[in-house]
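A short report is wanted, with cut-offs stated.

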Amino acid sequence: MTRYFTRMGDGFGVWMTEDEIRADIREGVLDAADRGKIPPLTEEEMDHLFRIITMDGVIVGVKHGEEVVSSTDQGADTVGCECGVPIDRVIQVPLLERAFGLDSTDYGFTDYNFKAVKSIVNYETASIERALDISVIPVLYGGMPNLGFYTKPDGPVDNWAELLPRGKVEEALKAQEAAVELAVHDIVYVAGQMYEAGVDGINLDTCGAAGDADFLAALLACEEIKRLYPDLGVEIGMAGEFVLGMHGRLKYDGVRLAGLYPHKQVKLAEKAGATIFGAVVNTNSSRSFPWNIARVCTFMKECVKEAGQIAVHVNVGMGVGGIPMCETLPSDVVSRADKALIEICKIDGL
Amino acid sequence: MGTEITHTVSACMGGLKTAGDLVLRMQLARGMRIREAKEYVAEKLGVSVFDLSDPAVMTEIRREQGLGVQEPDTGDTVGMAAKIRIAERLGIKINSVERFKTKAGL
């Protein structure tokens, strides 16, 4: 019986039969359809996904002419910070542009959140101005709302994660609401400084990491950025597939944020004025790649369908977008995830 | 880091190798979806949507029109000079170009 090489969600290889792969695809599709209350993939789409997963070759590719564009959430410091190559961020931008062939990049502080940047923003703007002078590709400034940074002892607000277990519910809700206000102020302030420096866009990354209040901060900040600087692009990238209800009562445009899946998140991002939505579906590290990517495709097909004029760039990296939860990512599953998302879900970018 | 390389090889336009940066600019500047952005850029550059992702075709087009190339030779347009031409060709305002013009008194 023929067995095909694929991977588990922790990155390690596994040999599976056709029946096993097809069963995992179907189960992943049904899981997403059930959780998101969305239509499953069609039989034809599941067949296509099976062919992509079992294609010969380490790397597979999309058809000629169907290539998409990429945005990043790396802070333009992957080479220096993650790979340990001593090279300034200013130089990394043309390096990523001309050596790596990226369609765009984002620039950011190592701590990658707006609260941390606020006090050093003049150094950040001076640095990014130099990068913009010598580069051609669009450069966004990136960071996370990171609402947790506003809690004591790092910030002024009581820690709702400590208040909730003590039964202090009202205090926990108020603390989150106060943190939203502070985060929106910081994000808009930094965005304004970056606009004056000449950036092409702001990347609000890992939104919702601290729950519904975190996502609300991103939406409100985006709305204000677009009001003040209408020609500045804004990307809202998510932290996970599901907005956690740490607060539970927060709404944007009359829609309760807790519990939203990507196909509903995208509508709010568009309403807030974002130009790119970075959709996320989490990887289950104990399930196979066929199960995970089938689930991702089911969610993303609906997300792309529900998006109006906003481009959907799916997060396909460590632990999201069907990709295993491991540090050094195997190209076989990354390229298969890309091909599936482009050919089945018709995404606008990665 | 390897993820970006795989995306570029298997599924993405490749930035300056083709017209990936230009298509992304239209998504950012005008909120266009991928198909609309590609059609817009192709029409402005006078090429087909198919050719837009072809490095051989696009390197010549970009060199001729001064839009920046991946491996610039002597005299090729790079950096801000290329962005000034991109803004003109695509009919959009690029934030850093506007700032540069102001600073340079252009």
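## Model and numbering

This is a predicted model: local features need pLDDT of at least 70, side-chain atom pairs count only at pLDDT 80 or more, and totals for chains, interfaces and linings use all residues. Residues are numbered from 1 along each chain as its sequence is written, while chains are lettered from A and ligands numbered from 1 in the order in which they are written.

## Chain B

Chain B has six helices and zero strands. Helices (H or I, at least four residues) and strands (E, at least two) are DSSP runs, numbered from the N terminus. In sequence order the pattern is α-α-α-α-α-α. The radius of gyration of chain B is 14 Å, close to the 13 Å from the globule rule for 106 residues, so chain B is as compact as a globular protein of that length. That radius is taken over C-alpha atoms, and the rule is 2.2 Å times the number of residues to the power 0.38.

The C-alpha trace of chain B spans about 45 × 35 × 30 Å along its principal axes. Of the 106 residues in chain B, 49% are buried. A residue is buried if 20 or more other C-beta atoms, placed from the backbone, lie within 10 Å of its own. Among contacts in chain B with a separation of 6 or more, 30% join residues 24 or more positions apart. Two residues are in contact if their C-beta atoms, placed from the backbone, lie within 7 Å.

## Interface

Chain A gives 54 residues to the contact, and chain B gives 43 residues. On the chain A side, helix 3 (78–82), helix 4 (89–98), helix 6 (121–134) and helix 12 (331–345) each give two or more residues. Helix 12 of chain A supplies the largest share, six residues.

## Nonpolar core

The largest nonpolar core has 140 residues. Such a core is a set of buried Ala, Val, Leu, Ile, Met, Phe, Trp, Tyr and Cys residues joined through C-beta atoms within 7 Å. Helix 8 (residues 169–197) of chain A gives the most to this core, 13 residues.

Leu49(A) is among the residues with the most contacts inside the core. Beyond neighbours within four places in sequence, Leu49(A) contacts Ile25(A), Ile293(A), Ala294(A), Cys297(A), Ala340(A) and Ile344(A).

## Lys339(A)

Lys339(A) sits in helix 12 of chain A. Lys339(A) is buried, with 25 other C-beta atoms within 10 Å. Not counting residues up to four places away in sequence, Lys339(A) touches Ile52(A), Val60(A), Gly61(A), Val62(A), Ser10(B) and Ala11(B). Lys339(A) and Val62(A) are 277 residues apart in sequence, yet 5.3 Å apart in space, C-alpha to C-alpha.

How values were computed: Buried ≥ 20, exposed ≤ 12 C-beta atoms within 10 Å, placed from the backbone.
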